[in-house]
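Thanks for coming. I have one structure to go through today, so please look at the screen.

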Amino acid sequence: MLGAVAVVVLVLTRAEPYPLEARHLGELKPMLLRGGLATTVTRPLRPLLIDLYWLRCLVAMGEAESEARNRNLASYGFFLTELDPRFFHAYYMLGLSTPYSLGRDQYANGDLALQLVRRGLEQFPDDIRLRTLHAFLLHYIVHDARAAVMEFVKISKLPGAPAAAISSATALLVEEGRVDEAIDAIQAAMDDGGRGSMQLLSDRKKQLEIEKLLRELDAAIVRASKKLSRTPTSLDEVIQAGEWPAVVTHDMHGGELSVEAGRGRSSWLVGRMEGIPRW
Amino acid sequence: MNGIVPIALNGFREARRNRVTLVIFVFALVMVLTVTVSVEFTVATFDRVMTDVGLGVIGLIMPALALFLSTGLIPREIERRTIFMLVARPVSRSAFVIGRYVGNLMTVGFLLLVMALLFIAQLEFSHLTSAFGGGLHVAHLVALYGQLLEVILLTAVAFAFATVSSQYVSSLVATCLYFIGHMAEDLFQLSERSKVLPLKALGKALYYVLPNFDRLDFKDRATYFDPTSASELLGATAYTVAYTVLMLVVATAIFERRDFK
């Protein structure tokens, strides 16, 4: 009798193998307590709870390879930082891992990553790493170059900031076509004592000044092309077309000006300062 | 107060012979050893994980052990009728309660000491053998001291309840008090925000009456190696001693009046 009951129970409760795809879905939202509840109820064990979730979160970072899985990382980030607002690595590492590339410069979850990093900036307003991450997200993920420039300018003013911060700001300004503003920013940084490396800033200023001149030459080449009904192949042709002053054959730093593939060049500047073309 | 020392030593020996205590203790040691393993899974936060997992495991197991041991002692004596042998001897009931409490404290204190030494050994080992790990910090010692204070207070509270009720009831009440005691400050903040005056007064009263375990918890600070002032530690110690004495006075008073027929 008992054996029959056992067989019936076994038949009723037979376990189907858990589908492998479901096991690896990971798209399911992570099981997280409400922050407030976790803070209050688990108070005596909060540090342990935070670290156990942190370890789980690191595993999730390894798994993250879809829009939904990366979004889950932000959920972990918000949860962990609600429990421990001073948990720097949660802001930094999860802010970096949350965006998911959709290809062609398009990213998902950028807004969540920004939200997390901004929450971190409230706690660590002077942290260069977090601010640099903020600038990165602004520029590459949500394509807000203006805001990224502002962020890089802020970074450059922080104590111990790398000189590359202001260089990055100027690069973005040039990309936006704001060469004069870039030169002003570099000059301000130089007036401020160099902020890291006076040599680097000075070189950058020279590059910017030459770039400004080359952009004027570019415009002259376009005008000359219209007059000649073909693209000029040398600086002489632009001068002969009356679009460029004959006396300006060298830039202000001694580099020889020329025309290559319909664009201005300076022997001083290895490459032109311009952004990577977007899709 | 004659006979406190023999009763205490006897309690310590008894706890040592208790298999459940031994099993939990071995489990605790294994858990503390997982600190080293857990560090292998993390990225960039080695000190933090070592500190949190180590102190967290101690903070999880020690109160459980303290509750299990302290709520079982007196009810078990009554249940097994061994209490009659003791009350028949020329030992006052208060000496019996205090002796039992001290014996219990010796047991949990010893277990905590072994766990703490194992934890410290792991911190120092990781410091000496790997690039990460800052080793033992004063914040770790403060957190362990806080844990000791918590165990002293929790044992006293559980003991007081064990003198009036069964093991299950006293362990349930003491467990609830342990969690509420950790929320004492939230309770106070909530009552402060309330617009209902009686609720406000009740919240404040509960805050002052209930044991404030949160005041003895320095684990959060150890995570970031935050300093703790000497006055704060002294305050926590004085609070623990005062509350413990009060609980023992209550336990003794109840036990003196208790009829075992």
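This is a predicted model: local features need pLDDT of at least 70, side-chain atom pairs count only at pLDDT 80 or more; totals for chains, interfaces and linings use all residues.

Residues are numbered from 1 along each chain as its sequence is written, and chains are lettered from A and ligands numbered from 1 in the order in which they are written.

Confidence first. pLDDT is the predictor's confidence in each residue, from 0 to 100. For chain A the mean is 82, with 89% of the residues at 70 or more. Within chain A, helix α2 (residues 20-23) has the lowest confidence, a mean of 50, and helix α7 (residues 110-123) has the highest, 94.

Chain A has 13 helices and four strands; these are DSSP runs numbered from the N terminus, helices being H or I of at least four residues and strands E of at least two. Its domains, whose bounds come from an automatic or database domain assignment, are domain 1 (25-138), domain 2 (144-196) and domain 3 (210-272). The C-alpha centres of domains 2 and 3 of chain A are 28 Å apart.

Of the 279 residues in chain A, 37% are buried, where buried means 20 or more other C-beta atoms within 10 Å of the residue's own, with C-beta atoms placed from the backbone.

Now the cores. A nonpolar core is a set of buried Ala, Val, Leu, Ile, Met, Phe, Trp, Tyr and Cys residues joined through C-beta atoms within 7 Å. The largest has 119 residues, and Leu80(A) and Phe152(A) touch the most other members. Helix α6 (residues 138-162) of chain B gives the largest share of this core, 17 residues. Why does this core lie between domain 1 and domain 2 of chain A? Because both domains give residues to it.

Beyond four places in sequence, the contacts of Phe152(A) include Ala135(A), Ile166(A) and Leu172(A); contact means C-beta atoms, placed from the backbone, within 7 Å. A second, separate core has twelve residues, among them Leu213(A) and Leu257(A).

Last, the two chains. In all, 24 residues of chain B are in contact with 14 residues of chain A. On the chain B side, α2 (19-41), α3 (46-79) and α10 (219-223) each supply at least two residues, and α3(B) gives the largest share, eight.

Terms used
Two residues are in contact if their C-beta atoms, placed from the backbone, lie within 7 Å.
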